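This briefing covers selected local features of one structure, arranged by topic. Please consult the sequence and coordinates alongside the text.

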Amino acid sequence: MDGHCGVEIKVVDINDNIPEIIVTSLTTPVPEDSAVGTVIALISAKDSDSGDNGKVKLSLSSKSPFQLNPSVSNHYSLVTKGPLDREKHDHYSVKIIATDSGNPPLSSERIILVELLDVNDNPPVFSQPSYVVYVKENYSPGRILCSVSATDSDSGDNSKISYSLLDSKVQDVSVSSYVYINSDNGSIYSMHSFDYEKLKVFQIQVQAKDQGSPSLSSNATVHVFILDQNDNAPAVIYPSSAAMGSLSHQRMPRSAKAGHLVTKVTAVDADSGHNAWISYKVSEATDGSLFTVNLYTGEVRTKRAVSEQDDSSQRLLIEIKDDGEPVQSATVTVSILLEDGLHEPILDLRQKAVEPSKKTGRITLYLILSLASISVLSLVTFLILAVKCIRNSRSSASCCTRQSDCDDYKNPNRNLQLQLNTDGPIKYVEVLGGDMLSQSQSFRSCMSPMSEYSDFTLIKPSSTTDFKEVISVLDASLPDSTWTFESQQVST
Ligand SMILES: *[C@@H]1O[C@H](CO)[C@@H](O)[C@H](O)[C@H]1NC(C)=O
Ligand SMILES: *[C@@H]1O[C@H](CO)[C@@H](O)[C@H](O)[C@H]1NC(C)=O
């Protein structure tokens, strides 16, 4: 007898299948300027287990500028989550980890290589923002002046740099007629030699441009300083070579003493610095013991007194040198004629030049004298005016503002005061006399109310006698004097 029964065996799933990562689409390389959220890959996950064992979660392992966005069942999209910069990372290895929910969980991983595509986002950068070049003048044309260089951190054509000169003017001429630039490597060449005496410094604007699309550029300045070379000989200004000849003589009296200034040789040098530092030297002379030239000023003077034996025609060859390297020089011939009985104004000039303190002293003296005479003149004028006023006041009594002032004047032992008050430019004239014995008289006048500088004060006449003299002069100068000074009271 057989008995049958059906046995249903249920196989319990255990987590024995590793989850699988399937990349359905991948865009690479990705332009570095892709916007945030750009989809780079579509990824799905598969696990043959069932239940929790087949539930898969995807994640990214390391830090990267990407993230996984889940979409419908086990499908994900890999998108950018931040800005990308090829110049920092030109590719990323994105590690994706799939983990199921089994116990224990199983996982698998897959690496996606994302490459970045260069975008021309970096301009060329010069090694220096400005360059300084020193070039000697007369530097032969066609030679290299300097090299500029720029780098560009982009790649490919975006980093290929070409150099050019930006047009500018140097002394009204386009800079491109002075220099040219090798557009490939930035070497700058002079196109003609420079003359320091005409051009001392100029600027070149250089542009570096990459070949991206659109291209980027940057500018730099090259300062070119021309250095002076001793290429100019000293030029004699005086005595000028045109007027020189044998006819132009410097005349000097035979009576001249040692140190007599005969003439002054003047020369200039167009160079600068040491190259223009001129010195003078006698290189030939009819009589070497008679004349000397100052090394720095070029003044030709006698070394000793001229004697009767000296030849009346003297010739000096003066060499003028600069201090350059190599030295440049010029010569000038000075003819000197010794003349008898010639009275020289030059001697006076020389003495004045030699003794400037005496000269200024004399000027000061003249100034003092003229000031003093002007003061006396003004004083006398004012006294006359004052006296005229007083004369008027005898009839009208309008001159003295206070009666007491008039009283003071009438009593010179106490005080002498004259005061004039008119509507004209003269406000008042005041003559003050203190106690005559104490000799403290003062004269005072005010010309204008506007100016305080028009006050004249003459203090302390040296003696009362002087004061009387002044008064008597004043008295005499009045056309019809009705005013007299009571001098007998002064003498007390
Ligand atoms: C640039 O190129 C020129 C010509 O090929 C060369 O003479 C010069 O030395 C180069 N300059 C640099 C900085 O390499
Ligand atoms: C470079 O100079 C040119 C001309 O002066 C100017 O047009 C340009 O904007 C400058 N470029 C930069 C990056 O400054």
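The model is predicted, so local features require pLDDT of at least 70 and side-chain atom pairs count only at pLDDT 80 or more, while totals for chains, interfaces and linings use all residues. Residues are numbered from 1 along each chain as its sequence is written, chains are lettered from A and ligands numbered from 1 in the order in which they are written, and side-chain values use heavy atoms, with hydrogens and water left out.

**Salt bridges**

- The count comes to 12 salt bridges, where a salt bridge is a side-chain nitrogen of Lys or Arg within 4 Å of a carboxyl oxygen of Asp or Glu.
- Arginine 254 and aspartate 340 are joined by a salt bridge with an N to O distance of 3.0 Å. Arginine 254 lies in the loop between strand S21 (250-253) and strand S22 (261-264), and aspartate 340 in the loop between strand S28 (329-339) and helix H2 (345-354), so the pair ties together parts that are 86 residues apart in sequence. Helices (H or I, at least four residues) and strands (E, at least two) are DSSP runs, numbered from the N terminus.
- Arginine 254 is buried, at 10% relative accessible area, whereas aspartate 340 is exposed, at 56%. Buried means under 20% relative accessible area, exposed over 50%, and partly exposed in between, with a 1.4 Å probe and protein chains only.
- Lysine 160 pairs with aspartate 157 in a salt bridge of 3.2 Å, N to O. Lysine 160 is partly exposed at 45% relative accessibility, and aspartate 157 is partly exposed at 43%.
- In the salt bridge of aspartate 52 with lysine 55, the closest N and O atoms are 3.6 Å apart. Aspartate 52 is partly exposed at 46% relative accessibility, while lysine 55 is exposed at 51%.
- A network of salt bridges links Arg86, Glu87 and Asp118.

- Leu166, Gln207, Ser217, Ser218 and Asn219 are the residues around ligand 2, each having a heavy atom within 4 Å of the molecule.
- Ligand 2 taken alone exposes 360 Å², of which the protein buries 32%; accessible areas come from the Shrake-Rupley method with a 1.4 Å probe, and for residues only the protein chains shown count as cover.
- Strand S19 (residues 217-227) gives the most to this shell, with 3 residues.
- The shell around ligand 2 has 1 nonpolar, 4 polar and no charged residues. In this scheme Ala, Val, Leu, Ile, Met, Phe, Trp, Tyr, Cys and Pro count as nonpolar, Asp, Glu, Lys and Arg as charged, and the others, Gly among them, as polar.

**Backbone geometry**

- Most residues other than glycine have a negative phi, and most peptide bonds are trans.
- The peptide bond from asparagine 103 to proline 104 is cis, with omega near -5 degrees. Proline 104 is placed in the loop between strand S7 (91-100) and strand S8 (107-117).
- A cis peptide bond also runs from glutamate 325 to proline 326, with omega near 0 degrees. Proline 326 belongs to the loop between strand S27 (313-321) and S28.
- Asparagine 138, although not a glycine, has a positive phi of about 65 degrees. Asparagine 138 sits in the loop between strand S10 (130-136) and strand S11 (144-147) and is partly exposed, at 43% relative accessible area.
- Aspartate 172, likewise not a glycine, has a positive phi of about 65 degrees. Aspartate 172 occupies the loop between strand S14 (169-170) and strand S15 (173-174) and is exposed, at 73% relative accessibility.
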